[in-house]
Amino acid sequence: MIITLDGPAGVGKSTLAKNLAKHFEIPCLDTGAMYRILGFKLGVEVADMKDETLEKALDEYRFSLKKVNNEHVLFLNDIAIGDEIRTERVGRLAAIVGALPLVRKALQKYQRSIGEQSSLVTEGRDMGSVVFPHAFVKFFLDARPEVRADRRFQEMQKKGVNADYQEILGEIIERDKADRQRATDPLIAAADAITVDTSDMDAEQVFTCLIQHIENKMQEDTQEFSHLAKDGSLSMVSVEHKAQTMRKALASAFVTMNENTLDLLKQKALPKGDVLSVAKVAGIMAAKRTSDLIPLCHPLMLSYVDIRFDINEKGVGIISEVRTCHNTGVEMEAIIAVQIAAATIYDMVKAVQKDMHIENVHLLYKEGGKSVFKSPDFKESLL
Ligand code: DC
């Protein structure tokens, strides 16, 4: 799920984007930080650089979003981007580099590639209009320049920083002009964006308003993604208009065994041979055959399937992990994989013990679609 927030300087996109990302437990991408750090590194001379020199300079910079202490942090090469970019001077430099088509092309490539890997709340100037045309929900936030200047002024005063309201207002008007009037990808609302004028709203009201729009869209989508056609007959859901993103699902199951059987299994001394190796292959093959087994499930090109085992004194825990870069999820593949791996274990062991139970089959984790799901027994170390 990609949620885009576009809008002018000082409208409050960063805080909102962070709060939305936290709410939906997905990463947040501040694309302004990418332009800012390039402005910071390249300086005003960038405007006079020859294309060749600029291309060479851009080749030196690689962006990535990495998880650090449970938070997603934007890295330039191997260094986390810090507060050095949060000044008005760097903001102006960002607007200068942001006007250069070569810079935009390079940064948009990174932004799209980050969006292909996971769900995202992403904020900037051209997220909905250019970079993510198929985003799940697009917002365009606006507010009168005087209101934005006043918010900045109050914020700085709170921090004890000396500030001049008129100066801030002037800077905001100047940056609006640069962002809205540049030739390449100017600041505009995408045709299908929801425009929210926040001039007379506080931060909490804006947050609630956006959440409401997103939840409405999710509900509409759930109704649209019904397996029932309008006349009540069964139909396969059409997913071609959904975004292709990296999707991942983990499922687990448990096969109970007595101590004697477990000993034989660990020693690979069961009459049918190496149970877990066979169960692993069976689980992987089953994941690939899911759409043949579940009537309305879409056939998918899987990019990865793994089956892992965790033996304890009560039996064998099975975890499947399935990944794809597609427009629908892989939960069913993960669930089928653990069930067939479990049934294979049963088949390989039943000569020795028949009262084994296959228990606790469930989805552990999924990401990449509209929402992230984590079951209570999911641990981050499983990823
Ligand atoms: O959102 P911000 O103030 O951090 O952005 C700084 C500048 O970066 C902004 O004035 C224009 C540029 N920018 C852009 O051109 N496109 C984006 N997607 C994000 C920022």
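Reader: How far does a polar side-chain atom of R36 lie from an oxygen atom of the ligand?

Author: Happy to start there; this is a predicted model, where local features need pLDDT of at least 70, side-chain atom pairs count only at pLDDT 80 or more, and totals for chains, interfaces and linings use all residues. Residues are numbered from 1 along each chain as its sequence is written, and side-chain values use heavy atoms, without hydrogens and water. An oxygen atom of the ligand is 3.1 Å from a side-chain N or O atom of R182, and for a polar side-chain atom of R125 the distance to a ligand oxygen is 2.9 Å. For R36, the distance is 2.7 Å.

Reader: What share of the ligand's exposed area does the protein bury?

Author: Accessible areas here come from the Shrake-Rupley method with a 1.4 Å probe. Taken alone, the ligand exposes 450 Å², and the buried share is 97%.

Reader: Which helix gives the most to the shell around the ligand?

Author: The ligand is surrounded by 14 residues (a heavy atom within 4 Å). Helices are DSSP runs (H or I, at least four residues), numbered from the N terminus. At least two shell residues come from each of α2 (31-42), α4 (88-98) and α8 (165-181). With four residues, the top contributor is α2.

Reader: How are α2 and α4 oriented to each other?

Author: Their axes, lines fitted to C-alpha atoms over the stretch in contact (heavy atoms within 4.5 Å), are 7 Å apart. The helices pack at an angle of about 100°, on a scale from 0 to 180 degrees between N-to-C directions. Angles of 65 to 115 degrees count as roughly perpendicular. The two helices are therefore roughly perpendicular.

Notes
A polar contact is a pair of N or O atoms within 3.5 Å; within protein, one must be able to donate a hydrogen and the other to accept it, and residues adjacent in sequence count only if both atoms are side-chain atoms. Angles under 35 degrees count as roughly parallel, over 145 as roughly antiparallel, 65 to 115 as roughly perpendicular and the rest as oblique.
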